[in-house]
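Dear colleague,

Please find below the structure that I am handing over to you. My findings follow directly after it.

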Amino acid sequence: MSTLDRPGGAPRHLVLIDFDWEDADLLPELLRMPGVSVRLVAGATDRDAGVRVAELCGLPRSVELVDLTREIFDVALLSERSPRRDQIERLLRALGTPIEPPVGFVRNGETRERREPAHDGGSGYDAAQLIEAARNDTFLDGHDDVPGLAGPAGLDGRRELPDPEDSLGLERQLADWVAETRATTAVLVRVEADAQSRLCRSGPEDALLESLVQLAARLDMPHVLRREDGPQQGRLWGAWPFRTEHRRAVLAVAAADGESGRHVWESAVQSLCAAWSVADHERLADPPRVNILPAEAFGQRLAMALERHEAEGFRFALHRLVFLGSEAAVDALIRDLPDRLRGTDCLCRPAPDELLLLCAGSTRAYAHVRHRIEALWRQAWGASGGSGDAPEIADERLALDGGDDVRGFMNAAQGWFAPARP
């Protein structure tokens with residue numbers, strides 16, 4: 001048996017460190033590059049641009065420098081604007097990890113000439129849309145507002161991957177990957193602090209496979225072997241650890257096809273990691289309810305948005321929505337509307353038939369919010385006894401998304417909500 005450190009055709013493993021928003025704009029290009037695999041995104045805090053985008057993309061992420069030592073990376077892409085650049089460079093040099101600037105790598109990468117679609121971590125997301133969502137804190141509830149965010153797709157792109165509690169679904173998925181790579185056995189193991197437990201297995205027991213699983217779990221590093229002689233010459237055994245924010249696991253295979261098997265199983269690991277990250281987010285996330293703010297509090301939120309716009313280029317718009325016909329219908333609307341908005345949105349009701357909505361993000365992002373409001377308004381109209389079709393909603397808009405007149409914007413906005421009308 002011989003250890004395969006980096007066989008020809010295997011992707012180069014990348015770690016992205018301290019990416020800011022300028023660097024994060026390069027992520028769609030990185031994820032499309034063939035021949036590379038983003039194995040970790042590291043930042044100083046959970047609010048760093050790179051870490052936030054990594055969460056939305058389902059990529060492994062960390063705010064601990066020690067995690068840079070847990071895997072051998074082929075290249076580290078370190079932001080040229082990192083405030084701790086000297087410290088990280090010393091660590092990476094000690095580890096023997098080559099360092100490149102993100103822009104230079106994307107522009108001069110050795111695989112840049114071939115523009116084949118590459119796996120983007122298994123999330124099935126449009127990375128550019130995710131970056132836009134992260135930049136404006138507009139990760140939409142339920143993922144129903146961004147095309148392609150219906151859920152994490154499997155390797156075949158035709159169905160979602162099972163979540164960690166679906167042992168039967170996971171076993172069937174393993175069987176599919178086993179058949180695709182002509183393997184004999186595959187196993188998925190949960191790793192906890194002081195124990196391991198098997199989630200599922202496809203195929204018979206394999207002693208070598210169990211040993212690799214133990215090594216991968218203990219060292220938190222992939223282990224891949226290929227048989228050099230005998231009836232299974234050229235077949236591949238491998239165990240790959242992966243982790244989400246709340247879970248650790250090892251995916252392992254025995255006697256897989258040595259030519260294409262490694263790519264399939266490494267892609268499977270990335271897909272499971274992405275799917276489970278999204279599942280954790282959906283299960284644990286408790287988005288704050290959007291309350292109807294009084295005029296004074298709403299004005300303070302608007303002032304904060306203006307400060308972020310001037311400091312960071314934060315994009316947002318203020319909408320005045322007028323509902324004609326029935327105050328009771330508006331009452332019914334606002335009972336449900338706050339729960340259907342995003343945590344970054346703000347509402348104020350300056351008059352019985354009006355709502356002010358402070359909406360983060362681009363015009364396209366607001367189009368989804370407006371569609372949701374219209375659907376709720378039709379329901380509220382019918383529930384309150386309105387006859388016929390619900391009246392059209394009048395929508396006036398003030399926006400700051402470029403070099404606009406901030407003072408003029410604020411003067412016009414204050415005319416909408418201050419002083420509040422009874």
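Strands β14 and β15 pair in the antiparallel sense, over four bridges. Please note that the model is a predicted one. A hairpin of two residues connects β14 to β15. Within this pair, leucine 347 has leucine 357 of β15 as its bridge partner.

These two strands belong to an open sheet of five strands, ordered β12-β14-β15-β13-β16, with mixed pairing. The edges are taken by β12 (292-293) and β16 (393-400); each has a single partner strand, so one side of each has no neighbour in the sheet. In general terms, the strands of a sheet pair through backbone hydrogen bonds, in either a parallel or an antiparallel manner.

Helix α11 (residues 327-340) packs on it and touches β12, β13 (316-323), β14 and β15 (354-360); the direction of α11 makes about 165° with that of β14. Helix α13 (residues 406-417) lies across β13, β14, β15 and β16, and runs at about 150° to β16.

How far is β14 enclosed by the rest of the structure? Five of its six residues are buried, so β14 is largely enclosed.

**Nonpolar cores**

The largest nonpolar core has 25 residues, of which Leu188, Phe242, Leu251, Trp265, Leu272 and Trp276 touch the most other members. Two or more residues each come from α7 (167-181), β7 (185-191), β8 (196-202), β10 (236-243), β11 (248-256) and α9. Helix α9 gives the largest share, seven residues.

Leucine 251 illustrates how these parts meet. Leaving aside residues up to four places away in sequence, leucine 251 touches Leu174, Trp177, Val187, Leu188, Gly238, Ala239, Trp240, Phe242, Trp265, Ala268, Val269 and Leu272. Another core, of 21 residues, lies apart from the largest one and includes Val330, Leu341, Tyr366 and Ala380. As general background, nonpolar side chains in soluble globular proteins tend to be buried together.

Serine 267 is placed in helix α9 (residues 261-284). Its relative accessibility is 8%, so serine 267 counts as buried. The side chain of serine 267 reaches the backbone oxygen of histidine 263 at 2.9 Å.

Helix α3 (residues 49-57) is mostly covered, with eight of its nine residues buried. The buried residues in α3 are Ala49, Gly50, Val51, Arg52, Val53, Ala54, Leu56 and Cys57. Just after α3, glycine 58 adopts a positive phi of about 75°.

**Cysteines**

How many disulfides does the structure hold? The number is zero. Among the buried cysteines are cysteine 200, at 5% relative accessibility, and cysteine 359, with a relative accessible area of 2%. Cysteine 57 in α3 is buried as well.

Yours sincerely

Note on methods: Residues numbered from 1 in each chain as written. Predicted model: local features only at pLDDT ≥ 70, side-chain atom pairs only at ≥ 80, totals over all residues. Heavy atoms only, no water. Pairing = 2+ DSSP bridges. Contact = heavy atoms within 4.5 Å. Axes fitted to C-alpha atoms, helices over the stretch in contact; angles between N-to-C directions. Buried < 20%, exposed > 50% of the residue type's maximum accessible area, 1.4 Å probe, protein only. Polar contact = N/O pair within 3.5 Å; in protein donor to acceptor, adjacent residues only side chain to side chain. Disulfide = S-S within 2.5 Å. Core = buried A, V, L, I, M, F, W, Y, C linked by side-chain atoms within 4.5 Å.
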